Amino acid sequence: MNQKLWDVIQLFSGKEVIGAGEMALARQSLDADVFNVFKEQVEKGIIMKTFNWV
Amino acid sequence: MDAKKEIRRFLLDYLKNSEWDSETRHLISSLLHGEGKIFHESAPFTWGEFSYYIASVFREDTEFHDEQTACAGIVELLILATDIIDELADGDAKSPVLSGLTPQRTLTLSSMLLMESFYLILKCSAADRLGKLSCVIRNLRTASIGQWRDLSFRITGNAPSESDYFALTEQKSVSLMRLVFEMNAIENEPVWEDIAKYIGFSGQLRNDAADILRDTKSDLINKKATLPLIKAVEFSKQKDGGRLLDQLNLLGTSWDDSLLRQNIRDYIKKTGAIDYCLILSKVYLNRAVKLIKKYGEAQRDKSDVKQLIDYLER
């Protein structure tokens with residue numbers, strides 16, 4: 001589960017707005033319990049502080 | 001029943017009647033008032049309370065109650081002994097109490113606390129004294145091997161991997177969690193192994209995510225291979241040819257590297273490594289809570305389960 005979570009965090013890096021499509025992708029990639037915590041973090045706006053390498 | 005009050009009362013009584021001289025009693029009392037300790041007013045987590053609440057859930061036999069408080073007090077003393085050694089080994093900014101002591105006195109104080117804890121286990125256990133003592137020694141032995149390995153667990157050219165990190169955490173931290181369960185004679189419940197592991201992982205990840213960002217901790221200066229740094233280095237190797245490693249190698253080469261430390265910390269945050277650790281920490285905590293709830297379904301009194309979960313989640 002850990003590698004998938006790391007990959008999803010990288011996928012979201014630098015995004016100003018997280019769309020429904022991206023969240024659906026995260027839901028698909030992560031185990032349900034990991035996704036729930038991930039979603040909480042996104043809602044707090046913490047994930048978006050990461051680098052934008054895109 | 002207020003766990004904190006009960007444990008404090010046990011320790012105060014014990015200190016008052018112990019064979020230690022007044023200076024030693026004062027020193028130990030001051031250390032037990034430090035951050036994260038049982039007499040600290042706002043400690044969010046203490047090992048003593050954790051031991052107490054775990055026993056409330058997994059030991060429903062009423063005759064265990066007095067021993068439960070003693071056990072919690074002993075756990076508090078044991079962890080204090082290991083914390084003193086950790087602080088000395090890490091070279092962290094010393095607590096005000098320890099900063100007044102020479103290394104020789106600090107080491108001897110830790111050793112004394114350890115011996116006193118062993119003595120107390122024999123004195124306060126109603127049954128299976130040797131069994132308890134042997135479980136404590138077994139887990140402390142595992143933890144000490146982990147702590148020894150931890151001293152050289154650093155980011156170098158060949159950085160440790162995430163699985164190395166979890167293996168070491170299991171050795172040095174989860175073993176202390178196991179000690180708490182086994183001290184309370186809970187080894188007959190198969191579920192406790194996973195609960196101990198998840199809580200141990202969760203706590204270690206949360207501490208490491210916080211400590212890499214704090215100047216009062218030496219994790220960054222010592223390039224300790226904690227998960228936030230392992231992931232940030234992994235990121236840097238993939239994205240910018242390992243610029244972070246170059247920056248880490250500059251640490252300690254100038255008389256004031258506060259700006260460098262700040263830049264490195266900003267970089268680590270931006271890689272997502274802190275988020276990653278905090279999310280994993282919460283995931284592991286949730287898994288432990290889920291197992292505790294499941295275990296509690298069969299219990300008559302659900303209030304102890306609720307109390308333990310509230311304590312872990314606060």
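Predicted model: local features only at pLDDT ≥ 70, side-chain atom pairs only at ≥ 80, totals over all residues.
Local features need pLDDT of at least 70, side-chain atom pairs count only at pLDDT 80 or more, and totals for chains, interfaces and linings use all residues. Residues are numbered from 1 along each chain as its sequence is written, chains are lettered from A in the order in which they are written, and side-chain values use heavy atoms, without hydrogens and water.

**Exercise 1. Describe chain A.**

Step 1. Find the secondary structure. Helices (H or I, at least four residues) and strands (E, at least two) are DSSP runs, numbered from the N terminus. Chain A has three helices and zero strands. Its pattern along the sequence is α-α-α.

Step 2. Look at burial. Buried means under 20% relative accessible area, exposed over 50%, and partly exposed in between (1.4 Å probe, protein chains only). Of the 54 residues in chain A, 41% are buried.

Step 3. Look at contacts, meaning heavy atoms within 4.5 Å. Take the contacts in chain A with a separation of 6 or more: 57% of them come from residues 24 or more positions apart.

**Exercise 2. Characterise the interface of chain B and chain A.**

Step 1. Count residues. Chain B puts 23 residues in contact with 20 residues of chain A.

Step 2. Get the area. The size of an interface is often given as the accessible area lost when the parts come together. Buried area here is that loss (1.4 Å probe), summed over both parts. The two chains bury about 1900 Å² between them, with 67% of it on carbon and sulfur atoms. B:Lys270, B:Asp275 and B:Ile279 supply 31% of the area that chain B buries against chain A, more than any other three residues.

Step 3. Look for charge pairs. A salt bridge is a side-chain nitrogen of Lys or Arg within 4 Å of a carboxyl oxygen of Asp or Glu. The rule finds one across this interface. B:Arg287 forms a salt bridge with A:Asp33, and the closest N and O atoms are 2.6 Å apart.

Step 4. Assign the chain B side to elements. Helices H8 (162-183), H10 (227-239), H12 (258-271) and H13 (273-296) of chain B each supply at least two residues of the side that touches chain A. H13(B) gives the most, with 11 residues.

Step 5. Sort by class. Ala, Val, Leu, Ile, Met, Phe, Trp, Tyr, Cys and Pro count as nonpolar, Asp, Glu, Lys and Arg as charged, and the others, Gly among them, as polar. The side of chain B that touches chain A has 10 nonpolar, three polar and 10 charged residues.

**Exercise 3. Check helix H6 of chain B and find what covers it.**

Step 1. The expected span is 1.5 Å times one less than the number of residues. For the 22 residues of H6(B) (residues 103-124), that should be 32 Å; the end C-alpha atoms are 31 Å apart, which agrees.

Step 2. List buried residues. Among them are B:Leu109, B:Ser110, B:Leu113, B:Phe118 and B:Ile121.

Step 3. Find the cover. It includes H1 (3-17), H2 (22-31), H4 (65-90), H5 (96-99), H7 (129-151) and H8 of chain B.

Step 4. Zoom in on B:Ser110. At 5% relative accessibility, B:Ser110 counts as buried. Leaving aside neighbours within four places in sequence, B:Ser110 is in contact with B:Ala81, B:Ile84 and B:Ile85.
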